[in-house]
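Me: Please take a close look at one part of this model for me. I want the surroundings of the annotated active site, in plain terms.

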Amino acid sequence: MGDRIIITIKRIGINGEGVGYYRRKAVFIGGALTGEVVKAKITKVEPSYLSAEIIELEKRSRDRQKPPCPVYESCGGCQLQHMTYSAQLKAKEEIVRESFQRYAGLQELPLRPIFGMSDPWGYRNKAQLQVGRKGEEIITGLYATGSHRLLDISGCAVQHPVVNRVIDQVKAILAELRIPVYEERTCEGVVRTVVARVGQASGNVQLTLITANDRLPDSRRLVQRIREALPMVTTIAQNIHKGKSPLIFGEKTVVLWGEDRLEETLGDVRFSLSPRAFFQLNPEQTVKLYNAVREAASLNGSELVVDAYCGTGTIGLWLAPHAREVRGIEIIPEAVQDARDNARSSGVENARFFEGRAEQLLPEWVSRGIRPDVVVVDPPRTGCDRPLLNALTQALPARLVYVSCNPATLAKDCQVLLGSGYRLEWVQPVDMFPHTSHVESVILMVRK
Ligand SMILES: C[S@@+](CC[C@H](N)C(=O)[O-])C[C@H]1O[C@@H](n2cnc3c(N)ncnc32)[C@H](O)[C@@H]1O
């Protein structure tokens with residue numbers, strides 16, 4: 001600990017850090033880029049790796065740039081703004097390649113070029129920001145990395161500009177009307193979080209104020225001022241979150257003014273979103289991702305498709321017009337309800353959504369003789385549960401489409417499937433969150 005070392009950075013790690021080697025151990029150095037030579041101080045020593053921080057760059061990468069966002073260093077929401085966008089895309093492809101080498105033992109990967117964005121800024125359609133005070137001023141933002149210090153992220157460059165405008169204006173109106181802000185330390189005050197979501201198709205904004213108790217003082221004037229200042233806001237809702245739980249939303253939501261739901265469209269699919277409903281954060285890239293899933297599924301209208309881990313049913317609904325039947329499985333009851341509502345509002349009649357665990361329901365269906373032709377899985381970061389992989393290798397659908405936000409668990413699960421009757425056709429990375437280290441992938445596995 002504390003030793004100074006000189007390291008050459010070999011690659012970008014899964015969390016966006018530069019990775020080099022010191023006496024055969026991997027060293028993770030935040031903010032360092034591939035090809036750079038870095039003088040660094042060791043900050044953590046673990047049996048299998050070291051962490052270090054940059055003291056000085058001895059050789060600088062041509063891919064290094066000044067991060068455009070003023071709060072980039074302290075915010076922690078993005079990890080790659082110090083890298084040009086084209087270098088980010090290359091690094092993400094390498095992260096995927098490296099994961100398959102390491103966890104699936106694949107030296108030759110059928111890797112397709114990543115889908116990037118032509119304008120990788122202002123893509124996030126929703127902001128969910130804590131409200132707090134800095135002296136007399138009201139601020140909205142995120143807690144700085146690893147702390148409880150609220151950092152104002154006004155002007156965040158990845159947030160949709162309309163969302164930024166709404167948040168700034170709401171902040172000003174809260175200050176003007178002297179509506180008390182919730183203080184975590186003393187548990188006093190009212191407004192704790194402001195959530196704004198813009199519809200890509202309509203430009204309408206759904207605004208939700210999350211409060212620590214039922215009473216929102218001066219709510220009539222608040223609604224009136226928001227309506228005057230922000231004509232694009234079509235819903236003003238209040239969600240009540242009394243507890244100390246780390247969840248953002250509480251159970252109860254009341255619409256103070258306007259529409260109950262925000263209408264949104266992706267391709268031909270229509271979504272009707274309640275304030276708490278999950279929706280993809282980058283609609284433009286979501287369409288590319290789902291189209292890759294559709295290509296992988298290669299449907300002709302005769303297939304039974306299972307959409308495991310279906311969330312609000314988006315992938316299943318994308319595929320339904322091209323399949324005989326779609327069955328979605330999702331563990332969260334509200335999401336299942338949203339999926340059914342989304343099917344109804346899109347006029348889809350051949351998709352059904354089931355509440356349950358994918359690793360229980362799919363094996364149960366298989367044992368009852370229900371044999372899907374195509375299975376799409378889109379599990380959380382931890383990957384698929386083993387019983388689900390076992391059920392897949394029993395049911396042996398002709399095509400398996402795996403959507404994943406974690407290349408490491410994707411590669412590990414892929415290795416299991418490669419040993420059980422499948423071959424890997426292609427891997428398509430998609431940049432859903434430019435300037436962060438996240439990389440989404442779709443892979444197609446075909447029964448041998
Ligand atoms: C990465 S999201 C996928 C959402 C959806 N495919 C989409 O594109 O919007 C993973 C989903 O799996 C659900 N989930 C987590 N564990 C599950 C399980 N064991 N069985 C079924 N669903 C599960 C989560 O609630 C979440 O909605």
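Reply: Start with the contacts. Setting aside neighbours within four places in sequence, Cys405 is in contact with Arg381, His438 and Glu440. Keep in mind that this is a predicted model. The label itself comes from UniProt, where an unreviewed entry puts the feature "active site" at Cys405.

Now the backbone setting. Cys405 sits in a loop, with strand 20 (399-404) on one side and helix 10 (407-418) on the other.

Helix 10 packs with helix 9 (residues 386-395). The angle is about 35°, and the axes are 10 Å apart. The crossing of this pair is right-handed. Helix 9 brings Leu389, Leu392 and Thr393 to the contact. Helix 10 brings Asp413, Val416 and Leu417. By class, the contact residues of the two helices are 4 nonpolar, 1 polar and 1 charged.

Between helix 9 and strand 20 there is another loop, and Leu396 is in it. Check its backbone. Phi of Leu396 is near 45°, a positive value in a residue that is not glycine. Leu396 is partly exposed, since 16 other C-beta atoms lie within 10 Å.

Arg24 belongs to the loop between strand 3 (18-22) and strand 4 (25-29). Arg24 is exposed, because 5 other C-beta atoms lie within 10 Å, and the limit for that label is 12 or fewer. UniProt lists residues 1-56 as "domain: TRAM", again in an unreviewed entry. That stretch is 0% helix and 61% strand. Its end C-alpha atoms are 18 Å apart.

Last, the ligand. The shell around the ligand has 18 residues. Which come nearest? They are Tyr309, Gly311, Ile331, Ala358 and Asp378. Three elements each supply at least two shell residues: helix 6 (314-319), strand 17 (325-330) and helix 8 (358-367). The shell divides into 10 nonpolar, 4 polar and 4 charged residues.

To return to your site: Cys405 is a loop residue between strand 20 and helix 10. Its contacts beyond the local sequence are Arg381, His438 and Glu440.

Conventions
Residues numbered from 1 in each chain as written. Predicted model: local features only at pLDDT ≥ 70, side-chain atom pairs only at ≥ 80, totals over all residues. UniProt positions renumbered as here; feature names shortened; annotations may be inferred. Helix = DSSP H or I, 4+ residues; strand = E, 2+ residues; numbered from the N terminus. Contact = placed C-beta atoms within 7 Å. Axes fitted to C-alpha atoms, helices over the stretch in contact; angles between N-to-C directions. Left-handed = near helix turned anticlockwise from the far one by under 90°. Nonpolar A, V, L, I, M, F, W, Y, C, P; charged D, E, K, R; others polar. Near = placed C-beta within 6 Å. Buried ≥ 20, exposed ≤ 12 C-beta atoms within 10 Å, placed from the backbone.
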